[in-house]
Amino acid sequence: MKINEDYSDIERQIKDLGQFLETCTDKNQYYSAASSFGILNYLYCLRYGNEFVSGEVADNITRKGMELYQEILENEKSVFLRNKQFHKDTFFENFFGPSSSFLKVCRGSYLKKMKSSEKTKLKTGEDKEILEAFFKESFPEGSDILGELLERGHLFKFFDEDDEFSSSNGFMTFNRCDNAANVFLKDDVCSLSSLVTLVHELGHVYDFSDSVRTFTDEEKARYALGPYAEVMSSYYQQLFLDYLINNGIRTKEATVAFFELYSSFFYNLDNALLLSLVSDDEYRLIVGSDFKKREVISLLRKSSLAEDYDFDDNYAWTVMSGTKEIGYSYGILLSNMLIDGSISKDDWFSLRAKEFDSSSLTSIGFSKDKANKCLVKKMDTFMKK
Ligand SMILES: [Zn+2]
């Protein structure tokens, strides 16, 4: 599969977005375009060592974009805090509910041993063959989405020598001027793990392409920041892993990818739980401020809010975003329920644009117990294989 290393179309997009922003007066449209502008300019800089647009123009866009970002973020914080008890119960139930044997595998040496086999190169044409069969069975839209990305040359490689994005093997940014997505992958599509990343990103493209048709500008602006943005990507990623394992395709590598997904899920769930345990003022302070996990734990140790919680000091040096942890946690919980059929896809699609609210989640059949039941079922089925 051809991954694009030529950024001339990125230059074109940055130019177009810059022009659009010069005259844009709607704040939601401005925010959406400014975030695409910022991300593409930053990626361009990683590639060539300097930004494509710099100086006063870039500074103005960044400043105005950041102001709008803070405004949206403040609103997201308030919505979370209004539903804090609901989230705390959900995170608690699902972090302590699952089987300890599964957790052990996620954190154990078995995974490390298996990881060494992960990067086996796919044979020529094997990537396409695997994807086409999967699209046919579980993701019919995926074929067209990938076709369009390749045709536009929008499947890019990203260059990250200092590993700033080290936790991320890929991501997607939707350019709302173009109404088209750009997908960036760290590796060439030559191993199974890079195929898994690609399918996750295609899930984002599918979700966003649909949301730009049906959402208002305000809903579009907050969607990427909100907690629902990881559901469709996790959904297709999990369906893909199920497909590989059920059909005996690259089973060993697919198993590693499965455990990696769940290791990162439990890591995020632990962090999400911490965020739901701190006081409201501390939560407002932490979100978006580059707090380290260690600092959040020490805040909690000082207060009496979490006396009976045994803190996991793993990854204490990592930075907490305050929003991603919650998004990735709900991403897995909700996508599991979609796969299981305990939430219908239509109901989910009608909920997506709404605020992250306990009553709307409950209205489509979500509860902490049902989420936990699906999670345990998933792990049990997997462990049997
Ligand atoms: Zn994602």
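Before the helices, one convention: axes are lines fitted to C-alpha atoms, for helices over the stretch in contact, and angles run from 0 to 180 degrees between N-to-C directions. Also, please keep in mind that this is a predicted model.

Now to α12 and α15. Helix α15 covers residues 324-340. The two pack at an angle of about 125°, and their axes are 8 Å apart. What does that angle make them? Angles over 145 count as roughly antiparallel, and 65 to 115 as roughly perpendicular. The crossing of α12 past α15 is left-handed. On the α12 side, the contact residues are Phe265, Asn268, Leu269, Asn271, Ala272 and Leu275. From α15 come Glu325, Ile326, Tyr328, Ser329 and Ile332. By class, that contact has 7 nonpolar, 3 polar and 1 charged residues.

Next, the other partner, α11. Helix α11 spans residues 231-246, and α12 spans residues 251-277. Here the angle is about 150°, with the axes 9 Å apart. Angles over 145 count as roughly antiparallel, and α11 and α12 are therefore roughly antiparallel. α11 passes α12 in a left-handed crossing. α11 contributes Gln237, Leu241, Leu244 and Ile245. α12 contributes Thr251, Ala254, Thr255, Ala257, Phe258 and Leu261. How many charged residues does this contact have? It has no charged residues, with 7 nonpolar and 3 polar.

On to the sheet. It is open, with 3 strands in the order β1-β3-β2, and the pairing is mixed. The edges are β1, at 155-157, and β2, at 170-175; each pairs on one side only. The twist averages 25° from one strand to the next. β2 and β3, residues 180-185, pair in the antiparallel sense over 6 bridges. Look at Phe171: its bridge partner in β3 is Phe184.

Last, backbone torsions. Most residues other than glycine have a negative phi. Is Asn179 buried or exposed? Exposed, because it has 11 C-beta neighbours inside 10 Å, and the cut-off is 12 or fewer. Asp290 also has a positive phi, near 60°. Asp290 lies in the loop between α13, at 280-286, and β4, at 291-292. With 10 other C-beta atoms within 10 Å, Asp290 is exposed.

That's the tour. Over to you.

Methods: Residues are numbered from 1 along each chain as its sequence is written. This is a predicted model: local features need pLDDT of at least 70, side-chain atom pairs count only at pLDDT 80 or more; totals for chains, interfaces and linings use all residues. Helices (H or I, at least four residues) and strands (E, at least two) are DSSP runs, numbered from the N terminus. Angles under 35 degrees count as roughly parallel, over 145 as roughly antiparallel, 65 to 115 as roughly perpendicular and the rest as oblique. A crossing is left-handed if the near helix is turned anticlockwise from the far one by less than a right angle, and right-handed if clockwise. Two residues are in contact if their C-beta atoms, placed from the backbone, lie within 7 Å. Ala, Val, Leu, Ile, Met, Phe, Trp, Tyr, Cys and Pro count as nonpolar, Asp, Glu, Lys and Arg as charged, and the others, Gly among them, as polar. Two strands pair if DSSP finds at least two bridges between them. A residue is buried if 20 or more other C-beta atoms lie within 10 Å of its own, exposed if 12 or fewer, and partly exposed in between; C-beta atoms are placed from the backbone.
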